[in-house]
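Biologist: I would like to learn how to read a protein model step by step, beginning with the overall layout and then moving on to the details. Could you take me through this one?

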Amino acid sequence: MGRRKKSANNAPVERQLPSARESVADESAVSVREEEQEVEDPYTIPLHSRQAAFAILWLLVYSFAMFTLPFGAFYGTRHVLADHFHIEGFHNTCGSVLAAVLTVNVIIMLYAFRGFREVEEEDRERAKRKVH
């Protein structure tokens, strides 16, 4: 398992503690090597590509919600107003359209808030990078 290295005269090699200057230089060299390793690793996805992928993913999620939820709100409200409240005709249609329009506006607001939050997260990450 753990064998000691021996010098040519078979005496154990003594380890000397590095001085403060050497340890700081070694730590900075290690951090530079780690940064180079991160850059050279072919299997990691660059940060801007991950952000673009997540942006497209969230665009698809909100697009799907924009297409499906207003229809659900329209026909759901139409059903509830007709069957439970016995409201028919023009008032039923107006209530259903109002529910669909409110649903679209809520989805748009959620999409905008998500965009603002992503910008704030990017600003925090940039500030952390400047500190480190």
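Modeller: Let us begin with the order of the elements, which in this protein follows the pattern α-α-α when it is read along the sequence. Please keep in mind throughout that this is a predicted model.

Biologist: How many helices and how many strands does the protein have?

Modeller: There are three helices and zero strands. Of the 132 residues of the protein, 11% count as buried.

Biologist: Where is His86 placed, and is His86 buried or exposed?

Modeller: His86 belongs to the loop between helix 2 and helix 3, and with a relative accessible area of 64% this residue is exposed.

Biologist: Let us turn to positions separated in sequence. How far apart are Met66 and Val106 in sequence and in space?

Modeller: Met66 and Val106 are 40 residues apart in sequence, and their C-alpha atoms are 9.7 Å apart in space. Met66 is found in helix 2 and counts as partly exposed, at 31% relative accessibility. A second pair to look at is Asn105 and Pro70, which are 35 residues apart in sequence and 9.8 Å apart from C-alpha to C-alpha. Here Asn105 lies in helix 3, and at 38% relative accessibility Asn105 counts as partly exposed.

Biologist: Now I would like to understand pockets. What is the general idea behind finding one?

Modeller: Rolling a probe the size of a water molecule over the atoms shows where empty space is left. In this structure, the second largest pocket has a volume of about 250 Å³.

Biologist: Which helices each supply at least two residues of the lining of the second largest pocket?

Modeller: They are helix 2, which runs over 47-83, and helix 3, which runs over 90-131. Helix 3 gives the largest share of this lining, namely six residues. Among the lining residues are Leu47, Phe54 and Trp58, together with Arg114, Glu118 and Glu125.

Biologist: How many residues of that lining are nonpolar, polar and charged?

Modeller: The lining of the second largest pocket divides into three nonpolar residues, one polar residue and seven charged residues.

Biologist: Since charged residues have come up, how should I read a salt bridge?

Modeller: Side chains of opposite charge can pair when their charged atoms come close. In this model the count comes to three salt bridges, and we can go through them one at a time.

Biologist: Which residue does Arg114 meet in a salt bridge?

Modeller: The partner of Arg114 is Glu118, with a distance of 3.8 Å from N to O. These two residues are separated by about one helical turn because they are four residues apart in helix 3. Arg114 counts as buried, at 18% relative accessibility, because buried means under 20%, whereas Glu118 is partly exposed, with a relative accessible area of 28%. Both Arg114 and Glu118 also belong to the lining of the second largest pocket.

Biologist: What is the distance between the closest N and O atoms of Arg126 and Asp123?

Modeller: In the salt bridge between Arg126 and Asp123, those atoms are 3.8 Å apart. Both residues lie in helix 3, three residues apart, which is about one turn of the helix. Arg126 is partly exposed, with a relative accessible area of 48%, and Asp123 likewise counts as partly exposed, at 42%.

Biologist: And which residue forms a salt bridge with Glu125?

Modeller: Arg129 does, the closest N and O atoms being 4.0 Å apart. Glu125 and Arg129 are four residues apart in helix 3, so about one helical turn separates them. Glu125 is partly exposed, with a relative accessible area of 33%, while Arg129 counts as exposed, at 53%.

Biologist: Finally, which residues make the nonpolar surface patch?

Modeller: The patch, of about 520 Å², is made by Val106, Met109, Leu110, Phe113 and Phe116. Phe113 is placed in helix 3, and this residue counts as exposed because its relative accessible area is 54% and the cut-off is over 50%.

Note on methods:
Residues numbered from 1 in each chain as written. Predicted model: local features only at pLDDT ≥ 70, side-chain atom pairs only at ≥ 80, totals over all residues. Heavy atoms only, no water. 1 Å grid on protein atoms, 1.4 Å probe; cavity = no way out; pocket = protein on both sides within 12 Å on 5 of 7 lines; lining within 4 Å. Points joined across faces, edges and corners; volume = space filled by probe spheres on them. Nonpolar A, V, L, I, M, F, W, Y, C, P; charged D, E, K, R; others polar. Patch = residues over 30% accessible without salt bridge, like charges linked within 9 Å, V, L, I, M, F, W, Y side chains within 5 Å. Areas by Shrake-Rupley, 256 points an atom, 1.4 Å probe, with all protein chains shown as cover. Salt bridge = Lys/Arg side-chain N within 4 Å of Asp/Glu carboxyl O. Buried < 20%, exposed > 50% of the residue type's maximum accessible area, 1.4 Å probe, protein only.
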